[in-house]
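Subject: Structure handover

Dear colleague,

Please find the structure below. My notes on it follow.

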There are 2 protein chains.
Amino acid sequence: MLHAIVMAGGSGTRFWPASRAALPKQLLPLAGEKTLLEDTVDRLDGLVPPDRVMVVTAGRLLDAVRRQLPQVPDAGLVGEPCKRDTAPCIGLAALLVARHDPDAIMAVMPSDHVIRPAEGFRAAIRQAAALVEQSPGRLVTFGIKPTYAAECFGYIQQGEPLKAAPAEGTAAVHTVAQFREKPPAAVAQEYLAAGNYLWNGGIFVWKAATILSALAERQPECLAHLRRIASAWDTPDRDTVFAEEFAAIKGISIDYAVLEHARDVVVIEAPFSWDDLGGWSAVARQRGGDTDGNTVVGKHLGIESLRTIVHTGDDHLVVTMGLQDMLVVHTADATLVAHRAHEEAVRKVVAELEKRGWTEFL
Amino acid sequence: MLHAIVMAGGSGTRFWPASRAALPKQLLPLAGEKTLLEDTVDRLDGLVPPDRVMVVTAGRLLDAVRRQLPQVPDAGLVGEPCKRDTAPCIGLAALLVARHDPDAIMAVMPSDHVIRPAEGFRAAIRQAAALVEQSPGRLVTFGIKPTYAAECFGYIQQGEPLKAAPAEGTAAVHTVAQFREKPPAAVAQEYLAAGNYLWNGGIFVWKAATILSALAERQPECLAHLRRIASAWDTPDRDTVFAEEFAAIKGISIDYAVLEHARDVVVIEAPFSWDDLGGWSAVARQRGGDTDGNTVVGKHLGIESLRTIVHTGDDHLVVTMGLQDMLVVHTADATLVAHRAHEEAVRKVVAELEKRGWTEFL
């Protein structure tokens, strides 16, 4: 059976002050009316029933996640006691799912990307599940056709097309020649020109048993810790064991831990648009702008303002006058005003706040 | 005896959103720790006792004024039922003061200017009172030596120096050749070059009886209304008569009504610095800036920001990043972000809010 594993542990700082330690990006309605997490789970409607959805988040975010996802049973909410990257997260999910469904296929996905249309996503996941059924040891990844020479994404180089001709209406599938780290500009340009490099969407489909075998081979220590957690899962010791054993794991990404070394890895050319929403300009791209190029959420009055992003509430008026290419983010206790050219540096703000000990704003 | 009349009815919109209809400029601590009104009344310490201070404000501001000036007895607080410019305000104050002190000398002053040092101001007022004692029908004005060709102030052209040589330590006094309206740039430049034009500080010293005679001559209707108000002042009908009669007066400034037509008008060259605080840049001038030229009130973190004015509270953090010559004013329900080149246009915001019916922000 198909299970969905939604990774919702992100603690991004690019959307400060809208995003906070206690309210990270995936819990914000950045791209529309619903939060990115809500959108991610809604996208599974008709693909996976809520009782086969598992959301892995940070322990401190568990209550907030529960409020946003009333349809997901409590058994499907996992709160990590600390942050250990994607391999431990996915490994634990695989163990927990395999307890009741040893033959489970897992679709693993981030909770903070914008993917449209949902039907294209569901079709691609169904296609991936079929590819796994075809070859149970297979790892399926999803690649997005690059539209520019992005330096901020990992890339997947397509190898040979998969031998079986794609069925009508399904996406192209290739073997993976190699995974590539975020490249410098010149290299990204080469990838774009080559035409057979795709952005790594961070979405994976595979059998729980397959990923557990791979971890047993490549990350036996990690898996040993995870097995101890899974053994205690249905006992009163769950929290204690989870906290102790998870803390003892060395954080590593599933890409490093498994994917880059695996044999049967294929990549589906995503039949959906994808945006990892890396900052406010991506939000503006997703939401679109008015005739002056301004993108606004909340109560705003603009006078001679162009290409400006305003993010506030309906209860707090932001007036912009004579601005060009600016970013104004208002929240109850903090406001950021920045030139959009400095968008990437929003992280610096968070670092500076930490340095000053102004923890109430983190 | 010397009485002080503080005119505190202003409803300026240049400091929106910090200033509001219910909290205009004079009630804000724009130039320092105290509000402009508090500073104005503090400046009278040692010159006029609190029971000879009269503050004339708008009726709706009376409670706020009372809270800021606990030292002024209630009898000294006058709340105008509507706005009628300076002549009716000063005329009424003259009538009220003259009831108990027919020989009173009045020092009339705005409540929203920055004047330093206070001792220079007090010395100039004492000198003015002496000039009035010397010639009871005299009207004394105060002129500020221009430092640039300002277009936003009225000017006073100095005539002949007053015959009696100035006493040691007192300021130069001249007759007034003429009053001049806010001039266009070229004319302001001529005034500056001529050297005998001073900015009109809007501060006046004269006998109550003198200004009442002048009003009787030039504005008999206005004075008739004011007399009816004064007659009802100590009766239960005060509020009703004040509201009816004051509303019936045609608003006019004391400059138009009296000063421009008067015979014995002199101007003291102010031995104090003066700033009418016409906008945020004036606030920055008064408060000074940090090494990056930023002027900040409240909690702020600046990253690569230059010549930027930030006005917030200690409970709301404003972060500016990559800004140059910007203005950020945060208040509980509204935030303004503007390029400083648009400072003069803050009034437009208020006009637009009125047009949209967003009255909660006025």
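A:Pro17 sits in the loop of chain A between β1 (2-8) and α1 (36-42); helices (H or I, at least four residues) and strands (E, at least two) are DSSP runs, numbered from the N terminus. The peptide bond from A:Trp16 to A:Pro17 is cis, with omega near 5 degrees.

This is a predicted model, in which local features need pLDDT of at least 70 and side-chain atom pairs count only at pLDDT 80 or more, while totals for chains, interfaces and linings use all residues. Residues are numbered from 1 along each chain as its sequence is written, and chains are lettered from A and ligands numbered from 1 in the order in which they are written.

A cis peptide bond also joins A:Arg116 and A:Pro117, with omega about -5 degrees. A:Pro117 is placed in the loop between β5 (114-116) and α4 (118-134) of chain A. A:Glu304, which is not a glycine, has a positive phi of about 50 degrees; its loop runs between β13 and β14 (309-311) of chain A.

**Domains of chain A**

Chain A is divided into domain 1 (2-275) and domain 2 (280-361), with bounds that come from an automatic or database domain assignment. Taken over C-alpha atoms, the centres of the two domains of chain A are separated by 30 Å. Nine residues from domain 1 and 15 residues from domain 2 make the contact; two residues are in contact if their C-beta atoms, placed from the backbone, lie within 7 Å. On the domain 1 side there are six nonpolar, one polar and two charged residues. Here Ala, Val, Leu, Ile, Met, Phe, Trp, Tyr, Cys and Pro count as nonpolar, Asp, Glu, Lys and Arg as charged, and the others, Gly among them, as polar.

**Between the chains**

In the contact of the two chains, 27 residues of chain B meet 26 residues of chain A. On the chain B side, β17(B) gives the most, with six residues. That side divides into 17 nonpolar, seven polar and three charged residues.

An open sheet of six strands takes in both chains, in the order β13(A)-β15(A)-β17(B)-β16(B)-β14(B)-β12(B), with mixed pairing. β13 (300-303) of chain A and β12 (295-297) of chain B stand at the edges with a single partner strand each, so one side of each has no neighbour in the sheet. The twist from one strand to the next averages 5 degrees.

Strand β15 (residues 317-321) of chain A pairs with β17(B) in the parallel sense over five bridges; two strands pair if DSSP finds at least two bridges between them. A:Thr320 has B:Val337 of β17(B) as its bridge partner. Within chain B, three bridges join β14 (residues 309-311) to β16(B), and these strands run parallel. There, B:Ile309 has B:Leu327 as its bridge partner.

α11(B) lies across β13 and β15 of chain A together with β17 of chain B, at about 130 degrees to β13(A). Axes are lines fitted to C-alpha atoms, for helices over the stretch in contact, and angles run from 0 to 180 degrees between N-to-C directions.

**A helix pair in chain B**

The axes of α3 (residues 86-100) and α7 (residues 220-232) of chain B come within 10 Å and cross at roughly 45 degrees. α3(B) and α7(B) are therefore oblique to each other (angles under 35 degrees count as roughly parallel, over 145 as roughly antiparallel, 65 to 115 as roughly perpendicular and the rest as oblique). Their contact has 10 nonpolar, one polar and two charged residues.

Regards
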